[in-house]
Amino acid sequence: SHPTIPKANIPKWCITIFKEKAFRRFRELIGTFVVVIDDPKEQRIVFVSDILGLRPFFFGQYEDRLVFGSDVWSMFEAGLSEGKIDYDALSAWVTYKFNCTSGSLFTDLHRLPPGTIVSFQNKTATDIPYAEFGEEQLATSTKDVSQDIHDIVSTTLKILLSDHPQTWLSLSGGFDSRYLLALSTIHSKTPPLCATVDCSEDRVSTASLIADTLNVPLRVFTAPKSTWDLFKEVFHYTADGFPISKHVLYRLAMESSGVPIVNGYLGDFLIRGARDTCLGRYEQDCNNNLSEVLQKHHKGANFRIFRSSIAKRILDRSRVPMDLAVEKWSKSGQSFIRADLYYRQRFYISNNFLQHLPLTEALLPFYSWELIDYKLCRDFSLFNNELYAHIFWNFFPRIANIPKSKNEAHSSISEHTKKWSREFIPLISGRHRPSVVSGFRKLPWVIAGIVGASKVESTILLLKRLSMLEDRILSSGIDFDWYRI
């Protein structure tokens, strides 16, 4: 979307902006996108990514041709990649649960950089960044910030809703979703379809109170004892080639009938400041090696299950993106927050809506260049739950006193997890998959999973992801060995 340009005219507007070299005006576009400009007269093709490069898009050279697409496994299966494994990307995915390199599972397919115009001409690629964010910390107050943020988010949502007479919204009981619901009641042409998933009693009671207060009907999707059991298939593949579990929003997308879902993506990052610190400390208060702190903070794998000879190499390789973050942003004191923005938010949290794009689109009112730039140019200590209190009391006092739900999910282990644990038993000895894991070290976790110990569920899910990826790689005839890491 664009604040003033009708959606049907945006492609023509993009061409004009490119020809006039007014590249920074691409910041005006709202949402996720990839612009492709084919210019046969100049023998040039141009790609433009959105400000954080959220919309998946990959390019490379294969058999002296430029190839590009939105999913690397599909590109490989279409014969557009050699299928050589990128062990840097693989190591990052194992360590953090997401690949935070500029590549993908395959060495010859690279992700389009964020906020960048990439022009291919005469077998040469030229990058033109257009979405740089400021670094200067401007003085302000909580009162001013709450007003400014409200103005930006309200305007953005109004623009997004102007193209969509009907929307869904998932009400979690947290602050981001209730704020967007309250705004939607003002800006939407018709009341939003509001739903919540019964992950906990507190979540449902809080969401119901918010919806009743705002006079919006609420649909409750009943969940089994574990939210993983909402799905027949828990995992899907990210666009860059790696297995990842479904988000609870996928359940709503299954019922959406193509109606877009308003999503609070980046609200946690931008307003509440939940990701401004690492291991409980702001960057300026951290005397340790910043790369080491970042890696420890973002690490999401249980390394105790890995063969010791491989574990260290995985950690060494996956440290490189964190080193780059410190090199690029530590001088401005923003390596913590920008690593979260460009790594975790871009490659991991975005999955909660990217996964359902085949079913329906997501509308992202917190995702705009103006709002991200505003946050990065202010004192980070101003962004917390108190900021939301100011917003609610000033603009939506009826819901200001409703506490945030604890969002404690059901503690029971998934039936899927128990089944996967049983499947791993025959693979403990001999040649087993995933071969990166020690059979002896895996045994206690598998047994605990079989008997239903919920504390081991994340490790069983890790084993399943590793096994799925290894199986798919080898069954595709791709040369692969964990020891090449």
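**Grounds for the assignments**

Modeller: In this predicted model, Cys194 has a relative accessible area of 3% and is buried.

Biologist: Why is Cys194 called buried?

Modeller: The term applies under 20% relative accessible area. Cys194 has 3%, so Cys194 is buried.

Biologist: What makes Cys278 count as buried?

Modeller: Its relative accessibility is 2%. Because buried means under 20%, Cys278 also falls in that class.

Biologist: How do you know that Cys194 is in no disulfide?

Modeller: A search of the whole structure finds zero disulfides. For Cys194, the nearest cysteine sulfur belongs to Cys199 and is 14 Å away. A disulfide requires two cysteine sulfur atoms within 2.5 Å, so Cys194 is in none.

Biologist: Why are strand S2 and strand S6 called paired?

Modeller: Pairing needs at least two bridges between the strands. Strand S2 (residues 44-49) and strand S6 (residues 116-121) have five bridges, in the antiparallel sense, and therefore pair. Val46 stands opposite Ser119 in S6.

Biologist: What makes S1 and S7 edge strands?

Modeller: The open sheet has four strands in the order S1-S2-S6-S7. Strand S1 (34-39) and strand S7 (124-129) each pair on one side only.

Biologist: Which strands does helix H1 touch?

Modeller: Helix H1 (residues 10-19) packs on the sheet and touches S1, S2 and S6. The direction of H1 makes about 65° with that of S1.

Key
Residues numbered from 1 in each chain as written. Predicted model: local features only at pLDDT ≥ 70, side-chain atom pairs only at ≥ 80, totals over all residues. Heavy atoms only, no water. Buried < 20%, exposed > 50% of the residue type's maximum accessible area, 1.4 Å probe, protein only. Helix = DSSP H or I, 4+ residues; strand = E, 2+ residues; numbered from the N terminus. Contact = heavy atoms within 4.5 Å. Axes fitted to C-alpha atoms, helices over the stretch in contact; angles between N-to-C directions.
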